Amino acid sequence: MIKYIDFGEPAFVRDPYPGLAALRERGAVTWHEPTGQFLAASHAAAGAVLRDRRLGRFWRDREPAEVYEPFNLLHRNQMMENEPPAHTRLRSLVSGAFARGHVERLREPVVAEAARLVHRAGSHFDLLADVAEPLAVTVIAELLGVPGPDRPKLRPWSAAMVRMYEVTRTPETEAAALEACREFTDFLRDLAARRAAEPRDDLISHLAAVPELTPDELVASAILLLNAGHEASVNALGGGVVALLRHPEQLARLRAGPALIPTAAEEMIRYDSPLHMFVRTAAADVEIAGVRIPEGASIAALLGAANRDPAVFADPDSFDVARDPNPHLGFGAGLHFCLGAPLARIELRAALTALLTRDLDLAAEPVNRPTFVLRAYESVPLAAK
């Protein structure tokens, strides 16, 4: 038996679930020597990690600071890397602007754009390049108010930046991420200044009108919304459609009962979680699943492992479009529950509805992205039957 999981090992990255199941059976919480942190693999333990207020996100700038400043700037000023009272202030300011009808006003345009992309895709296409990515870019760009000519920059910036969250990284990966942080920050500073001078009905305009939000906090908040929402929706759709096509009986069930689309979308998020790891640090000694987490120690909630826990989900390794209830942790839980979850659900349901209008199958084996924390495919080739 392997003593410790290797988060960068190619076979594990391709299919982490057998390894995560073995880890969960070993213990709800275990120590992981290679990364120097505890791992919470059961649903109860991962949920406790996400909800216990004695465990938090306490940002510490990466060193050397002069090298990592573009990355540090964005993270020390965003809600996800802070706890109350800073988190409360930032989340309330951003959610106040976010809740001003922005998500609901996007519902019909998202449905129309998903239908348009699927219709024009042709008989052979890549689900990610031709549908998931352009849909996510359109949605987040509409939400933020990014002008049309600038929208193609968003996906490359986001894809480069999120590689910094992986357990294993190369110097080249880090350099590309830092450059993306620099370019994206400069772009949003300029856009925020223009929207402050000439406001429109978009999120950047509303954030620019909030005097309590500093320019650095505005930029950090906007980039967090882009990266979190964009990556989650693209990766959940890619993994979810692959799962659906590999379970033809479930696809037939969904075609026969399109009212199951909402539960199918939730099952996509549970079955192949787009986010697999969320790390928190103990502000005091904490006991999780009978294991003492000392003050200052880190513990990672393994969301993919939690979402396959047989103590919570019947037949957890099966894909079931009608699974209900489905208390997955794909959007997190507690203080840091995903602010963009309603928008991600709209995207997933709209894309799934549009795809079901066509008789599609995998044209070739999907290509995995070689990452664990953000689980994704690089391409999902589809063909009309």
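1. Asp272 sits in the loop between helix H13 (261–271) and strand E5 (277–282), and Arg375 in the loop between strand E10 (367–368) and strand E11 (377–379), so the bridge ties together parts 103 residues apart in sequence. Keep in mind that this is a predicted model.

2. A search of the whole structure finds 25 of them. Side chains of opposite charge can pair when their charged atoms come close.

3. Look next at Arg57. Its side chain meets that of Glu81 in a salt bridge of 2.8 Å, N to O. Arg57 lies in the loop between strand E3 (55–56) and helix H4 (65–76), while Glu81 lies in the loop between H4 and helix H5 (86–98), so the pair joins parts 24 residues apart in sequence. Both Arg57 and Glu81 are buried. Arg57 also has an aromatic neighbour: its charged end sits over the ring of Phe278, 4.3 Å from the ring centre.

4. Asp320 and Arg253 form another bridge, with their closest N and O atoms 2.9 Å apart. Asp320 is in the loop between helix H14 (303–306) and helix H15 (341–355) and Arg253 is in helix H12 (residues 248–256), so parts 67 residues apart in sequence are tied together.

5. Some bridges join into a network. Asp61, Glu69 and Arg76 are linked in this way.

6. Now the rings. The structure holds ten aromatic pairs. Trp157 and Phe187 make one of them, a tilted pair with 5.6 Å between centres and 45° between planes. This pair links distant parts of the chain: Trp157 is in helix H8 (residues 154–161), Phe187 is in helix H9 (residues 171–197), and 30 residues separate them. Trp157 is buried, at 8% relative accessible area. Phe187 is buried too, at 9% relative accessibility.

7. Phe331 and Phe337 show another geometry. Their ring centres are 6.3 Å apart and their planes meet at 70°, so the pair is edge-to-face. Phe331 is buried, with 9% relative accessibility. Phe337 is partly exposed, at 32%.

8. Ring pairs link Phe7, Phe12 and Phe372 into a cluster. Elsewhere, Arg270 lies over the face of Phe313, at 5.3 Å from the ring centre.

9. Which helix residue sees the bend in H7? The bend is at Glu133 and is about 30°, with a proline, Pro134, following within four residues. The length of H7 (residues 127–144) still agrees with expectation, because its 18 residues should span 26 Å at 1.5 Å a residue and its end C-alpha atoms are 24 Å apart. H7 is mostly covered, with 13 of its 18 residues buried.

10. Both ends of H7 have something to inspect. Just after H7 comes Gly145, with a positive phi of about 95°.

11. Helix H9 contains Thr185. Thr185 is buried, with a relative accessible area of 5%. A polar atom of the Thr185 side chain lies 2.7 Å from the backbone oxygen of Cys181.

12. Check two cis peptide bonds. The bond from Glu63 to Pro64 is cis, with omega near 0°. Pro64 belongs to the loop between E3 and H4. The bond from Asp324 to Pro325 is cis as well, with omega near 5°. Pro325 belongs to the loop between H14 and H15.

13. Two residues other than glycine have a positive phi. For Ala289, phi is near 50°. Ala289 is in the loop between strand E6 (286–288) and strand E7 (291–293). At 52% relative accessibility, Ala289 is exposed. For Asp315, phi is about 50°. Asp315 is in the loop between H14 and H15. Asp315 is exposed, with 53% relative accessibility.

Methods. Residues numbered from 1 in each chain as written. Predicted model: local features only at pLDDT ≥ 70, side-chain atom pairs only at ≥ 80, totals over all residues. Heavy atoms only, no water. Phe/Tyr/Trp six-rings, centres within 6.5 Å; stacked < 30°, edge-to-face > 60°. Buried < 20%, exposed > 50% of the residue type's maximum accessible area, 1.4 Å probe, protein only. Lys NZ or Arg CZ within 6 Å of the ring centre and 35° of its normal. Expected span 1.5 Å × (residues − 1). Bend = angle between axes of the 7 residues up to and from the residue. Salt bridge = Lys/Arg side-chain N within 4 Å of Asp/Glu carboxyl O. Polar contact = N/O pair within 3.5 Å; in protein donor to acceptor, adjacent residues only side chain to side chain.
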